[in-house]
Each structure stands twice: as C-alpha cells, then as structure tokens.
Amino acid sequence: MRNDSRLSRMLHVLIHMDRHQNAATSEMIAKMLNTNPVVVRRTMAGLRDQGYVRSEKGHGGGWTLVRPLSEMTLLDVYNALGEPHVFAIGPADDQPKCLVEQAVNNALADAMKEAEALLLRRLGNVTLEEIAAEFEAKLTARSAAAYSCAS
C-alpha cells in the first residue's frame, strides 16, 4: 500500500512559502513536488478553507501564507488535509462471526486508537516554526550554495 505523503508534502510547501517573498503559483509548487498543478490546487484548497493560505488569480497571483508558521501546528495542517488515515493496517472482516477474528480486531482497534491519539497529540504540539527553525539551523551548518530541494 502506498503511503499518503500529503501532510509531509504540504508542510514542505508551507515552509518554502514562508521563506520566499513572492506568491507561489500552483505550477511552481507542482514542479517542486513532481505532481500536477490540479493536484496542488485541490490539496491547497483545504488549507485555504481553514484560513492558512490564500490564492490570488491572474498575473502575479498564486498562493501566499495568511498566518505565520508559529500559529500553525502539524495537527492543523493534518486536519486541513481532511484527516487522512494515520495507519495502513486495520481489522480483518473475512469471518465476522469468528470469535478469534473478533478478539484480534478488538485488540488491534484498542492499540490503534491509543496510538492514533498519541500521534495526534504530538502533532498538535509541534509548530511549523519549529520545523523551519530546525531547517535554518541545518542550513547554517551547511553551505547555502549546497542547499536545494530541486533534483
């Protein structure tokens, strides 16, 4: 099963947007993420609807941040993306009357519910500003000329 990388990708985009003065077009973001601009617009729409970014049409338009990174948590972005599934694993339903399957599913459901709650709490405690600060520290330790996300 493929990983859902939308959260990671949008965090990447938002931090880049914070570092640049100009609006980022869907085409620019798509090129950075190696995807289609339509996918970018669809994904960014959730962030726009939650008030984290705005879009301007026309010449000089594009996506800009509405809030500072210090006011956005990983959980905020996760929620704006529609709360994608956290785990790829889940219960079986091949034999719903089987008592073993029921016991296994109950144990898995309890463990996954607890793990998801822990993960979501952690996401709520990390701001995008903290991630950007880690990037800045790494960039300072490395030559700026060597920095690039482009291939």
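**Helix packing in a predicted model**

Tutor: Helix 1 (residues 6-19) and helix 6 (residues 128-141) pack at an angle of about 70°, with their axes 10 Å apart. Axes are lines fitted to C-alpha atoms, for helices over the stretch in contact, and angles run from 0 to 180 degrees between N-to-C directions. Helices are DSSP runs (H or I, at least four residues), numbered from the N terminus. This is a predicted model: local features need pLDDT of at least 70, side-chain atom pairs count only at pLDDT 80 or more, and totals for chains, interfaces and linings use all residues. Residues are numbered from 1 along each chain as its sequence is written, and side-chain values use heavy atoms, leaving out hydrogens and water.

Student: Which residues of helix 1 and helix 6 make the contact?

Tutor: Helix 1 gives L11, L14, I15 and R19. Helix 6 gives L128, I131, A132, F135, E136 and L139. Contact means heavy atoms within 4.5 Å.

Student: New topic. Which residues of helix 1 are buried?

Tutor: L7, M10, L11, V13, L14, I15, H16 and M17. Buried means under 20% relative accessible area, with a 1.4 Å probe and protein chains only.

Student: And what do the buried residues of helix 1 pack against?

Tutor: Among them are helix 2 (26-33), helix 3 (37-49) and helix 6.

Student: At what angle do the axes of helix 2 and helix 3 cross?

Tutor: Roughly 105°, and the axes come within 8 Å. Helix 2 and helix 3 are therefore roughly perpendicular (65 to 115 degrees).

Student: Which residues of helix 2 and helix 3 meet?

Tutor: S26, E27, I29 and A30 in helix 2 meet P37, V40, R41 and M44 in helix 3.

Conventions
Helix = DSSP H or I, 4+ residues; strand = E, 2+ residues; numbered from the N terminus. Buried < 20%, exposed > 50% of the residue type's maximum accessible area, 1.4 Å probe, protein only. Parallel < 35°, antiparallel > 145°, perpendicular 65-115°, else oblique.
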